[in-house]
Amino acid sequence: MAISLTVNGKKRQVEGDPAKPLLWVLREDFDLVGTKFGCGAGLCGACTVHVDGQAVRSCQTLLGDVKGAAITTIEGAAATDVGKRIAASWIAQDVPQCGYCQAGQIMSATALLSQTPKPTDEDIDAAMMGNLCRCSTYVRIRAAIKAAAA
Amino acid sequence: MSAANLSRRGFITASLIAGGGLLFDLAVPMALAADGSPVILNAFIRILPDNRVIIGAKNAEIGQGAKTMLPMLIAEELDVDWAQVSIEQTHADAKIFGGQSAGGSRTTPREWLPTRQAGAAARAMLVAAAAAQWGVAAGTLTTASGKVTDPKTGKSVPYAALAVAAAKLSPPDPATLTLKDPASFRIIGQSIGGVDTPAIVAGKPLFGIDFKLPNMLYAVLETCPAFGGTFKSANLDAVRALPGIAHVLTIKGDGTPESGFDGVAILAKSWWTANLARETLKVAWDDSAVTNFSTQGYAAQAATRAQGKADADITRTGDIDAAFASAGKVVTADYSYPFLAHATLEPQNCTALFKDGAIEIWAPTQNPESGRALVAKALNLPPEKIRINFTRIGGGFGRRLMNDYMVQAALVAAQVPGVPVKLLFTRADDMRRDFYRPAGWHGFRAALDKSGALTAFHDHFITFGKDGKPVRSAELSPGELPAGLLDNVLLEQSFLATNMPTGWLRAPGSNALAFVYQAFLDEVAAAAGKDLPTLMLELLSKTAQVSQGANRPPFVTARAKGVIEKALAMGGWANRKALPKGQGKGFAFYYSHAGYFAEVLEVAVADGVPKVKTVWVAGDVGSHIINPINALHQVQGSVIEGLGQALAGQVITQVAGAIEQANFDTHPLQRIPDTPTIHVDFVKTDYSPTGLGEPALPPVIPALVNAIHAATGKRIRSLPVTTEMLA
């Protein structure tokens, strides 16, 4: 069954099982591999993307549920002003270590700043606690969000 | 190129590349390998016609910063600006590149001299070319920013313009090269962000999981839940009949976890499709020999063994019995800790293409040569028929020092010649097929004389082993402190049998031993009426050095004292008693991976829940911090990871030979709200620089439990810390 959706501003169509998680549609059908597979259970946040502006776990979001939706992935995250500021801040703070979780971190941080332009420490913790970083780059994630908000 | 037949003057070749640039193919002799053959470092430096410089990064990048740090060493001595430099990852080949493993915090000490020599050799050839052109002595010329300058005439020429001439010169003997005076370093000591950071932030395909080839199939692998079970039968045809499934096949392990056990592989164009087919797959395993292993069983056996005689002496000095018989006070305590998984965020994966009797592999591996040897054996291939390419690695922590997933991908690929295969674990596969940090139990005794001085120390360490030897990462060093710092010491081990594969988890051994030794010594200090840093400084004042074995640098007590005094000052140790009730500061010192680290930690405990507020870290890793921003990141990450091992609830348990935990709900990692303030400072000493991936981790755990004791009066003697322990 053909399903239409918008990915990073482009209209896309995919023939596929509506039960296939958006994560694997992005990685396998659209070759957008910036979105990462970490746990497959919504526990680590590595697969975070935006669906109609909301940060969601793409491993728990089925293709059939995003019919007609606007998806933003890490590859398109810097298209907005907030996304540009987050990306620049991430580079300035040299946030990544291994880097594997960072796409998800950036997508969560971008959603946070889009909705809460001046987040408090508590706002940051609440918005980011679903995103694991095995290297523990949390000190810099906080700093980079604050710098991008300033 | 064979390492053995390189002549002394043949270590450097320079050749022109298309477009008029210069390729330096540098091979600098390093320390002799164990078999006496020279170990060669080969560093590719390419100087392009527009004077840009491309430097090959030869080590695996797991987030430890080697891909940035090693090229910094070359660029420094080549005397170019960092802005001119681009980095390319090399492939894996020990014959060309020398050591390429990422483990043991070994990269910095191994590469500090030869990698700088590689840069200096190229610079010397460019200077010689300019000197010949201008008819002056090479020694009168200077370099900076990728240019050679004659200070007398003010003439200056970019390296690129010297390429043709330099390529014709004989390369220098590395032993004759003069390296820069550290006072003139312009790159070493500067904070330089990760070379891949912009690509990571843009979501570019960098990792093993991202690598794709045309017509590639994805593979999932089912193995026996109990380690070591063998394949009996399966409904392979039923799975083959499912839509989208390309192949279903079996692979045979060799009975060792290192090569991977028996498995059933399902291949499809889509990983999701292949993985879904596992719901249909039904495999009968023969696991009768391995289902008797369980966490409960180990604990019961350990309790029994603790009452008896140990299996092996590790260190026995002085007269331990006499010292305890004459003690004024004897302190005893039992400590323990669980198995842990590595849980790298990028699940284990590997891409392989078998074609025409050779195999090419794209692997996130920390230890490629070990993988090559295992693949050669499994496929019965000569090692030169195996090419291994590095991908960026989504977390190592020691998991990818093992190459089971590489062997498995190779075994699958060999059955579908010409078709590239990417094996990818699910999170549950990853957590249940790890090489675990082994659990351990320690029965401690310490003797104090009437003046409160520590006179004897005894540890009966019950761990896992076979035939009287510890399993991987269950070793106890004969030089484990306080051995060497007092006269009467008995360190001994007993071994339980297990089917669980064990392996090196960041700061292996040390991540557990620091906890039990420094927490027990905190109890000993308290019994003697002093604090732990006072006890440590007393012990450290007795000798200048403690041997750590033939191939390791000795432990230098002055360096330990230096970081202890620094951490105490940073952490306001003298004023710790001023904290309100329910808050406390703890201290610990630990030496591992040639790094000296002392840490002070402040915790607040409310309703049985510890909240770490601040950690102060003082470290000594020698004369230079090569990349300060990365050094800070390594220490921050080590501290938070250590706290996670103690506080997040991490534990791996086994029932009937198989692992119970499958994901981050049952083996949790620290999350952002648990992040304390971390202050880091380094004590620079006149020793060659050593690594930072590991040594900051071990002391944070005992500093935490010692702080919890200061806050609550309760001793934490097993991990993880639970609310019940603090109730």
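How many Å apart do the C-alpha centres of domain 1 and domain 2 of chain A lie? They lie 20 Å apart. Welcome to this predicted model, where local features need pLDDT of at least 70, side-chain atom pairs count only at pLDDT 80 or more, and totals for chains, interfaces and linings use all residues. Residues are numbered from 1 along each chain as its sequence is written, while chains are lettered from A and ligands numbered from 1 in the order in which they are written.

**Inside chain A**

- Domain 1 covers 2-75 and domain 2 covers 78-149, with bounds from an automatic or database domain assignment.
- Where the two domains touch, domain 1 of chain A gives 16 residues and domain 2 of chain A gives 13 residues; contact here means C-beta atoms, placed from the backbone, within 7 Å.
- On the domain 1 side, β3 (48-51) and β4 (54-57) of chain A each give two or more residues, and β3(A) gives the most, with three residues.
- Strands (E, at least two residues) and helices (H or I, at least four) are DSSP runs, numbered from the N terminus.
- That domain 1 side has six nonpolar, nine polar and one charged residues.
- Ala, Val, Leu, Ile, Met, Phe, Trp, Tyr, Cys and Pro count as nonpolar, Asp, Glu, Lys and Arg as charged, and the others, Gly among them, as polar.

**Between chains A and B**

- Chain A brings 41 residues to the contact and chain B brings 44 residues.
- Helices α1 (22-29), α2 (81-92), α3 (102-115), α4 (121-128) and α5 (138-149) of chain A each supply at least two residues of the chain A side.
- This chain A side divides into 26 nonpolar, nine polar and six charged residues.
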